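Take a look at the structure below. Then read on for a short report.

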Amino acid sequence: MNRRKFVERLIAVVASVSAVTAGFRRARAGVPEGYDPGAHRYSMGIQVDNCIGCGRCMEACKAENLVPKEPFFFRTWVERYVIRKDGTVGVRNISTDETSAQEAPVDRNILRSFFIPKLCNQCDEPPCVQVCPVGATILTEDGVVLVDDQRCIGCRYCIQACPYGARYLHPVTMTADKCTFCYHRITKGLLPACVEVCPTQARIFGDLKSKSNPLQRFKRMHKLSVLKPSLNTEPKVLYSNLDGEVR
Amino acid sequence: MSNPLVERLAELMGQAMGFIYPNEVEIHWSILVVVYPYLTGLVAGAFILASLVKVFNVKEVQSVYRLAMLTALAFLLIAPLPLLIHLGHPERSYEIFLSPNFTSAMAMFGFVYAWYLMMVLLLEIWFTYRKELVVWSQEKPVPLRWIYRVLALFSRDTSPASVAFDKKMVKAITIIGIPSAFLLHGYVGFIFGSIKANPWWSSVLMPIVFLFSAIVSGIALVIMLYMVITLYRGRTIDMPCLDTMASYLFYAVIVDFSLEFLDFIHRLYESEESIKILSYLVMNKLFISLVVIQVFLGMLVPLGIMVGTRLFRLGAELRKLLYFVAVILIQIGIFATRWNVVIGGQMFSKSFRGLTAYKMDLTGLEGLLTSLVLLALPFVVLAILIRLLPPWEDQAIA
């Protein structure tokens, strides 16, 4: 075997191995046969005024997506904002822990308070996708940012690059993990788990490419904003009546 | 799940101040990621010092040229180790070479590293030592002779024409090498400086600050090694050489200090959204490592020492002592600089409403002991390299 032959064969072997593994990857993502990502474009609306901070979205998400139950790993979480009369702001995370969920702070100096559900913003200009050294995290055609846990090397650069703290390192797979809009559900026409269980319809999920759905109505009826717009990440999670204190 | 990680995170959560996002309890880049830019900085700095001789004809530094080159090589060989150990899946690290994502600054790591190792350091060292390698492969006893023959790549030519060619090549490679060294460390700065999510990192000055702090630390390291090894070998220190190195160190520290001061003033004057939390960070979590160690002990005191040695006519012995104190302080200061960038950048919440906590483990893969081993390893490699390729002029073959 001369050198040219050797290089040719090497290229052929590498190409065929990567083709086979690419096939495996698609099968593993749990996407049904015949699903056309080009026909969809997913987005989520958050009706801030509807959220009552019950935390069922967090619990459903953890159960649905095998997120570790400890309070350091979240694909979605809820923050409670308290703005006092003197202008100071208090923020805390709604706990999934049963015992502390009951302790509501009694404070007579509260001017206004509200809950803010947070999740991956599925940015159209995602910094996490930009920085991943091996292309393990991608923006899909239907607008969702996904992580391939078989390719991720666990360098955590994406976690550093996310302005929203939406990513964590899964302690079992040792790869980056984040909200997928429940990709395995939405590609089958189901709602994300958090949307499904929300008792007040604070979360509204929809396809921007379909003409009429609750999300389109939500977009028509509200003034909307996104988190940290100055960073130009172009989020697809839209908030109605968002307070300026929220970051 | 009850494991050490969860226990550690529970403890850290208790130490957080103010509000942090729930996923921010874990500090993702640990002490190992501090060690990495520290090591590559030393590589780039040592190489820049060596290139003073070849490109800028600074004759006084000739006697440490080879030592500086070998130092750069020893540190470069170990530099990727902390990163590799830190990965969640080190066994997949080859993906960076096979399927790099070209928009990722980190993906370029493999190429910058390979370029610098293969095209700059190894090549230049080979041309520098080629004649000696040929001679040793004929003179040394049997097992060593074979090693040298392989290292010489079976070259046997020691004619004046070939030696002249070697010299020409060394000069050419050094000229390519200087921008490459800038690339090697400037790029590490870019990895941090390009993260817009993090106001502590996101700065256009970051690559330049990294570069000059690299030059500072590299020159300081070679001065330290030269002094210690000369003492160990029982030779006398070449004072013009030491004074010249110290004066280049002085200039580099001044540039580094000015750049960092500019960055500081700029942030303070612009006073963006993040300024409150960053000031709080500096005055709380980073006060010792930034204000006391990095700025005062690592920069102002050595600057004072070097100004003193230039203003007053001090004896050689006193100068040596002062230089030695200065370079040790500079090493500690530059390590603190890396710490403040890497760890400091993760100690505030991206909500700008609170501070996180970092507790370094003593043992374990990401602990203090691993870091100390990684910091010591380059010296072991350097000892082997010096044994194999003596860099001293008094042992050189004319």
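Is A:Met174 buried, exposed or partly exposed? A:Met174 has 15 C-beta neighbours inside 10 Å, so this residue counts as partly exposed. The cut-offs are simple: buried takes 20 or more other C-beta atoms within 10 Å of a residue's own, exposed takes 12 or fewer, and partly exposed lies in between, with C-beta atoms placed from the backbone.

This is a predicted model, in which local features need pLDDT of at least 70 and side-chain atom pairs count only at pLDDT 80 or more, while totals for chains, interfaces and linings use all residues. Residues are numbered from 1 along each chain as its sequence is written, and chains are lettered from A and ligands numbered from 1 in the order in which they are written.

**Two residues in chain A**

A:Met174 is not a glycine, yet its phi is positive. A:Glu234 is not a glycine either, and its phi is also positive. Both sit in loops of chain A. Strands here are DSSP runs of E, at least two residues long, and helices are runs of H or I, at least four, numbered from the N terminus.

| Residue | Phi | Loop between | C-beta atoms within 10 Å |
|---|---|---|---|
| A:Met174 | about 55° | β7 (168-169) and β8 (176-177) | 15 |

**Chain B**

Chain B has 14 helices and two strands. Its C-alpha atoms fill a box of roughly 70 × 55 × 35 Å along the principal axes. Of its 398 residues, 44% are buried.
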